[in-house]
Amino acid sequence: MMDEIMSAVSGEVFAVWFLIGAALVFWMQAGFAMVEAGFTRAKNTGNILMKNLMDFCIGTVVFIVIGFGLLLGEDVAGLIGKPGLDIFTDFANFDWSNFVFNLVFCATTATIVSGAMAERTKFLSYCVYSAVISAVIYPIEAHWTWGGGWLAQMGFHDFAGSNCIHMVGGISALIGAALLGPRIGKFTRDKAGKITKVNAFPGHNLPIGCLGVFILWLGWYGFNGAAATTVDELASIFVTTTIAPAIATVVCMIFTWIKYGKPDVSMCLNASLAGLVAITAGCDVCDATGSIIIGAVSGVLVVFGVWLLDNVLRIDDPVGAVAVHCLNGIWGTLAVGLFATDTAPAFARGFGDGVAFGANQIAGKGLFYGGGFQQLGIQFVGMLSTAAWTAVTITITFLAIKAIFGLRVTEEEEIVGLDSCEHGLPSAYAGFSIMDISNTMTMEVNENTNLGTSDYEAASPVQKAAAVQVAKAPDVEPTGIYKVVIISKLSRYEKVKKAMNDLGVTGMTVTQVMGCGIQKGAGEMYRGVEVDATLLPKVKLEVVVSQISVESVIESAKKALYTGHIGDGKIFVYNVDKVVKIRTGEEDFAALQDVE
């Protein structure tokens with residue numbers, strides 16, 4: 001009797017956990033929205049938020065009508081579930097928990113695609129293909145694995161969706177981005193049309209992107225763990241779901257540090273997600289050793305994936321969705337056939353006799369744990385068949401949308417931004433300046449500009465004049481008002497400000513500007529691509545003096561700006577008295593010749 005009571009209590013507890021897990025997976029929509037928004041440009045943020053909202057909302061509509069039946073309806077020949085509308089006709093006996101749980105997974109599949117096609121896709125077209133994924137493409141292939149279909153009957157194992165969700169979303173993203181074409185300016189071409197350079201488009205808000213990764217990682221504990229039925233299973237899944245992404249991130253940090261000279265922030269954020277994607281299929285049947293290896297491979301694979309798309313396939317994926325979800329979805333699916341072990345608490349529940357399998361079916365142990373090639377072969381069959389189904393159906397979908405509605409916005413709309421053109425939203429950041437006014441940006445200097453000495457006192461007049469150009473110091477009269485405009489690098493701003501204060505200048509107007517000249521920006525890397533910094537951030541200081549000597553202002557500014565390179569700064573001097581007279585008509589226009 002006591003065993004029966006405890007079993008009933010345990011069943012109720014895990015039924016509640018099942019729904020809590022579904023809520024965590026729903027919360028992942030916020031994570032996807034933050035990652036995608038943070039890794040793209042500010043002018044498209046509202047469009048991205050809208051798409052991630054509509055993923056779930058449109059997905060719910062079509063999942064009610066057809067998707068749920070195709071996924072979990074009565075099996076028809078191992079291929080599809082029998083469509084039905086039991087949610088309307090027999091609500092009292094409807095499978096509410098499974099509906100909600102599978103709905104949030106379905107929405108995840110659709111939202112993966114938006115990141116790779118971000119910043120140039122028509123919103124209407126996005127809504128259409130998102131609906132098709134949620135209504136047909138995902139439910140049918142997921143039925144093969146989770147609805148009692150033919151892959152389930154073989155013993156194919158994908159516990160939480162490396163194959164059914166992430167690889168499917170990643171393949172859809174790859175094909176969509178390829179058909180859509182790259183964003184304007186992503187690739188530089190020569191006169192013959194050959195690509196000569198890949199250009200980086202840094203994300204506008206990495207803090208939001210990072211927050212999104214943490215939200216996704218938290219949600220992944222529900223994503224992977226919601227179907228657990230015992231405490232041991234759940235705890236084991238939490239362990240593997242923690243180890244793999246952590247290892248992936250560490251490996252990616254080391255790899256990018258070696259490859260690019262510095263650890264890449266956005267790539268490491270992608271690596272955390274890549275490790276989570278890869279462990280998702282086998283999180284219930286892998287041990288710590290398997291999780292470490294799976295995560296380590298993911299950390300390198302995500303970097304390779306980004307490089308592959310940019311430099312070989314020439315496909316523009318703004319957020320790295322293909323590298324994270326497609327490549328690591330494939331890797332995670334196959335990894336089950338390598339690392340599945342019967343020491344994992346959930347293994348016995350899924351293991352079968354070759355004919356009948358458990359709730360989370362698996363035919364045997366992995367290759368590296370003494371199981372031979374059986375499970376690995378089954379994983380290959382499941383992965384390839386799911387990939388083929390997805391590639392064919394999503395290609396037909398995209399081509400049909402392209403012919404009927406068009407996939408891509410116009411060139412003008414893309415340049416202006418989708419927020420304004422698609423949604424009438426001037427900015428997702430209304431009331432806030434998106435210009436960087438910090439004093440922390442440092443730029444490396446082109447060595448061709450080196451003048452031979454960085455010591456101002458040791459520099460010759462010619463070297464000083466080449467480094468800081470003065471246009472040009474007038475013959476200053478004892479009295480008069482002069483305006484001095486100083487163009488400074490960000491890194492020298494504090495020195496110039498202190499020099500002016502030391503002279504007794506207490507008021508300055510400071511504006512951030514962009515400039516270009518012989519100096520170039522740092523050869524810095526963003527996701528393995530050199531950032532093109534033709535326009536450099538500068539600071540413009542405007543000072544009006546009368547009692548203080550103009551010559552002393554010029555000399556102090558030159559000394560503060562000087563680093564020994566051409567283009568250290570520029571100084572412009574205006575005689576305010578003459579400017580005022582000319583503007584009021586008190587002097588002839590020819591007097592402009594005297595105003596510097």
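**Figure 1. The whole chain at a glance.** Of the 596 residues in the protein chain, 52% are buried; buried means under 20% relative accessible area, exposed over 50%, and partly exposed in between (1.4 Å probe, protein chains only). This is a predicted model, in which local features need pLDDT of at least 70 and side-chain atom pairs count only at pLDDT 80 or more, while totals for chains, interfaces and linings use all residues. Residues are numbered from 1 along each chain as its sequence is written, and side-chain values use heavy atoms, with hydrogens and water left out. As you look around, you will find 20 helices and 11 strands in the protein chain; helices (H or I, at least four residues) and strands (E, at least two) are DSSP runs, numbered from the N terminus. Among contacts (heavy atoms within 4.5 Å) with a separation of 6 or more, 78% are between residues 24 or more positions apart.

**Figure 2. Glutamate 119 and arginine 183.** Let us begin with a salt bridge, that is, a side-chain nitrogen of Lys or Arg within 4 Å of a carboxyl oxygen of Asp or Glu. By this rule the count comes to 13. In the bridge between glutamate 119 and arginine 183, the closest N and O atoms are 2.4 Å apart. Glutamate 119 sits in the loop between helix H4 (96-116) and helix H5 (123-146), and arginine 183 in the loop between helix H7 (162-180) and strand E3 (187-189), so the pair ties together parts 64 residues apart in sequence. Glutamate 119 is buried, at 0% relative accessible area, and arginine 183 is buried too, at 4%. Both residues belong to a network of salt bridges that links Arg41, Glu119, Arg183 and Asp316.

**Figure 3. Glutamate 233 and arginine 349.** Here the closest N and O atoms of the salt bridge between glutamate 233 and arginine 349 are 2.8 Å apart. The pair links distant parts of the chain, 116 residues apart: glutamate 233 is in helix H9 (residues 231-260) and arginine 349 in helix H13 (residues 347-350). Glutamate 233 is buried, with 4% relative accessibility, whereas arginine 349 is partly exposed, with 24%.

**Figure 4. Aspartate 342 and lysine 365.** This salt bridge brings the closest N and O atoms of aspartate 342 and lysine 365 to 3.8 Å apart. Aspartate 342 lies in the loop between helix H12 (321-339) and H13, and lysine 365 in the loop between H13 and helix H14 (374-404), 23 residues apart. Aspartate 342 is partly exposed, at 44% relative accessibility, and lysine 365 is partly exposed at 27%.
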